[in-house]
Amino acid sequence: MAEPALEAQALRKDFGPKTAVRDLTLSVPRGEVFGFLGPNGAGKTTSIKMLLGLVHPTAGGGRLLGEPIGGTRARARVGYLPEHFAFHEWLRGRELLRFHGRLLGLGGSSLDAGIEALLRRVELLEAGDRCLREYSKGMKQRIGLAQALLGEPELVFLDEPTSGLDPLGRLLVRDVIRDLKSRGTAIFLNSHLLSEVEVTCDRVAFVKEGRVVREMTLGAAERDLEVELRLDRYGPSVLEGLARFGSDVREEDGHVRLHVDGEERLPEVSRWLAGQGIGLYHLAARRRSLEDVFLEVVG
Amino acid sequence: MRAVLTIAHLTLAEARRRRILAAALLLGVAFVLLFALGFHFIARDIRAHGSPAQQRFMMSFVVMAALYAANFLIVMTSVLVTVDTLAGEIASGVIETLCTKPVPRWAVALGKWLGCWVILAMYAALLCGGVLVVACLVGGYTPPNAARGLPLLLLEGTVLLTLALAGGTRLSTLANGVTVFGLYGLAFVGGWMEQIGTLASNTTARYIGIAASLLVPSESLWQLASHHMQPPIVRDLGIGPFSPMSVPSPAMVAWAAGYVLIALAVALRLFHTRDL
């Protein structure tokens with residue numbers, strides 16, 4: 001079995017008395033699009049920097065593509081777009097990519113061809129010979145994305161890749177992520193745009209106060225429905241009876257609410273209530289968005 | 001090694017693109033032309049009125065004054081070119097994408113050191129070479145031991161350049177500049193303490209000066225270079241402002257070379273161990 005794209009074991013980072021990351025333990029298989037979510041200050045960027053060897057962990061360890069984190073061998077197959085992509089603004093677009101390509105050990109006509117393909121992919125082919133200081137914010141983000149994809153990495157870290165992009169730019173990033181996934185590239189995506197994460201990621205982890213507090217696959221989240229019932233009467237025995245169809249059964253504002261796993265549960269609930277002789281006046285099921293889960297987990 | 005050369009090439013390209021090289025070249029040429037103009041008229045007067053010994057003394061004095069100014073510019077340039085090269089990229093975040101490439105951090109720092117050193121060497125060659133060529137062509141004068149003296153000026157610049165690189169691994173650009181110029185100031189004052197201590201036979205002052213030179217061996221390298229590049233009679237009699245009363249030991253050159261290696265190793269280590 002292939003090594004996971006990323007493994008972290010109890011990574012911790014203290015900055016003096018302050019703990020930025022308390023316990024980062026997670027694994028990302030190859031080819032997966034993994035979302036890394038959490039509120040500001042949860043330690044997401046520090047976690048990424050530890051995995052990339054930019055920040056030295058206080059404790060713990062990890063591997064990227066089977067190689068220890070911090071080593072140069074793993075970094076040869078990893079791409080990275082930082083949250084605030086900064087670069088030598090005096091360079092031109094093509095020069096930036098050529099310089100980073102050389103640092104990856106690439107050269108010659110294959111590098112040139114790769115640069116042209118990437119510029120085309122991020123829709124900067126025409127602007128490739130312009131000085132980077134003349135680029136708009138969105139163009140800078142896109143050239144940064146191209147830089148992260150040089151050398152066809154097997155694992156790509158994207159820290160807020162849609163920051164500063166207009167809707168078309170976001171679509172482009174989404175397409176790029178889809179392409180990468182189809183090629184088997186693992187993606188570690190840190191984004192505050194939960195709607196983007198919801199569309200692109202296979203699985204997410206929620207980080208709070210420097211610790212992974214929950215991991216979930218987004219397919220499972222799609223089945224999770226919040227059901228709201230208005231009944232002519234209910235009591236503890238009814239709530240107890242409904243618990244067999246789902247979880248988190250509670251009474252709120254004159255309604256009964258519960259979570260069920262899949263919409264096929266809804267007729268079962270309705271039938272059971274009728275069987276109990278309880279009048280059902282209203283039944284509404286709502287898929288829980290990632291934002292709901294986010295607020296529940298880290299809020 | 002390829003990564004070191006790539007980073008060095010980028011550093012040189014940055015200096016060219018940001019017009020640092022153009023400014024250095026333009027003002028360096030202006031420096032040499034101004035010296036040539038002044039030296040032409042001084043040499044004409046000296047030849048008309050002075051004895052051969054006076055001519056030699058005066059020409060040596062003017063050339064040493066030019067080299068003193070060149071030395072000062074080399075010192076300034078070595079610090080100014082290097083002070084921001086790591087510190088600035090760390091502050092801006094540019095360094096992050098560099099250091100996530102499969103390149104060891106020491107190669108990034110060494111490449112920057114090499115790029116800055118090449119700029120320094122070109123600048124020193126322009127100023128000092130220009131002064132020597134003008135002195136030879138206009139006045140028919142060549143300072144003695146120039147081949148021994150001029151490398152010492154380059155070594156002096158290299159000492160400060162390496163200190164600026166080491167400082168840049170941990171300090172902000174401004175703090176780094178203030179620190180390196182402050183250290184240069186210590187060495188400068190220490191050098192004068194050593195000279196005055198020798199002249200006044202004050203051993204304590206002399207030792208304070210030597211200690212300062214060991215801390216930052218920049219000024220003592222200039223003293224040694226100026227000692228080498230003056231006519232024997234001038235340096236033996238200790239006449240003129242450029243004749244050191246206390247000539248630094250040749251061991252100071254070995255110390256300065258070792259100092260560069262140690263400071264560079266410390267810079268690479270500091271950069272390797274810091275969080276970015």
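Two residues are in contact if their C-beta atoms, placed from the backbone, lie within 7 Å. The exercises below apply to a predicted model, and each is followed by a worked solution.

**Exercise 1. Find which residues of helix 8 of chain B are buried, and which elements cover them.**

Solution. Begin with the extent of the element: helix 8 of chain B runs over residues 173-199, has 27 residues and reaches 39 Å from its first C-alpha to its last, close to the 39 Å expected at 1.5 Å a residue. Next, list its buried residues, which are B:Asn176, B:Gly177, B:Val180, B:Leu183, B:Tyr184, B:Ala187, B:Gly190, B:Gly191, B:Met193, B:Glu194, B:Gln195 and B:Gly197. Then look for what lies against these residues: the covering elements include helix 3 (52-82), helix 4 (87-92), helix 7 (146-168), helix 9 (203-215) and helix 10 (218-228) of chain B. Finally, follow the chain just past the end of helix 8 of chain B, where B:Ser201 takes a positive phi of about 55°.

**Exercise 2. Determine how the buried residues of helix 6 of chain A are arranged around its axis.**

Solution. First check the length: the 16 residues of helix 6 of chain A (residues 167-182) should span 22 Å at 1.5 Å a residue, and the end C-alpha atoms are 23 Å apart, which agrees. The buried residues of this helix are A:Gly169, A:Leu172, A:Val173, A:Val176, A:Ile177 and A:Leu180. Seen down the axis of helix 6 of chain A, these buried residues fall within an arc of 140°, so they line one face of the helix. On the other side of the helix, A:Pro167, A:Leu168, A:Leu171, A:Asp175 and A:Ser182 are exposed. Just after the helix, A:Gly184 takes a positive phi of about 90°.

**Exercise 3. Describe the two faces of strand 13 of chain A and the strands that pair with it.**

Solution. In strand 13 of chain A (residues 255-261), the covered face holds A:Val256, A:Leu258 and A:Val260, while A:His255, A:Arg257, A:His259 and A:Asp261 belong to the uncovered face. Turning to the pairing, strand 11 of chain A (residues 224-231) runs antiparallel to strand 13 and is joined to it by six bridges, with A:Asp224 having A:Asp261 as its bridge partner. Strand 12 of chain A (residues 246-252) also pairs with strand 13 in the antiparallel sense, over five bridges, and here A:Glu252 stands opposite A:His255. Strands 12 and 13 of chain A form a hairpin with two residues between them, and A:Asp253 in the turn has a positive phi of about 50°.

**Exercise 4. Decide whether A:Ala127 is buried or exposed, and find its contacts.**

Solution. Locate the residue first: A:Ala127 is found in the loop between helix 4 and helix 5 of chain A. A residue counts as buried if 20 or more other C-beta atoms lie within 10 Å of its own. A:Ala127 has 20 other C-beta atoms within 10 Å, so A:Ala127 is buried. Leaving aside neighbours within four places in sequence, A:Ala127 is in contact with A:Gly93, A:Tyr135 and A:Met139.

**Exercise 5. Identify the residues with the most contacts inside the largest nonpolar core, and describe how chain B meets chain A.**

Solution. The largest nonpolar core has 153 residues, and A:Ile187 and B:Val131 are those with the most contacts inside it. Helix 6 of chain B (residues 105-139) gives the largest share of this core, 16 residues. Not counting residues up to four places away in sequence, B:Val131 touches B:Val32, B:Phe35, B:Val63, B:Ala66, B:Leu67 and B:Ala70. A second, separate core of nine residues includes A:Leu229, A:Leu242, A:Val249 and A:Val256. For the meeting of the chains, 20 residues of chain B are in contact with 21 residues of chain A. On the side of chain B that touches chain A, helix 1 (2-17) and helix 5 (94-99) are the elements that give two or more residues, and by class this side has nine nonpolar, five polar and six charged residues.

Terms used
Residues numbered from 1 in each chain as written. Chains lettered and ligands numbered in written order. Predicted model: local features only at pLDDT ≥ 70, side-chain atom pairs only at ≥ 80, totals over all residues. Helix = DSSP H or I, 4+ residues; strand = E, 2+ residues; numbered from the N terminus. Nonpolar A, V, L, I, M, F, W, Y, C, P; charged D, E, K, R; others polar. Core = buried A, V, L, I, M, F, W, Y, C linked by C-beta atoms within 7 Å. Buried ≥ 20, exposed ≤ 12 C-beta atoms within 10 Å, placed from the backbone. Expected span 1.5 Å × (residues − 1). Arc of directions from axis to C-beta. Pairing = 2+ DSSP bridges.
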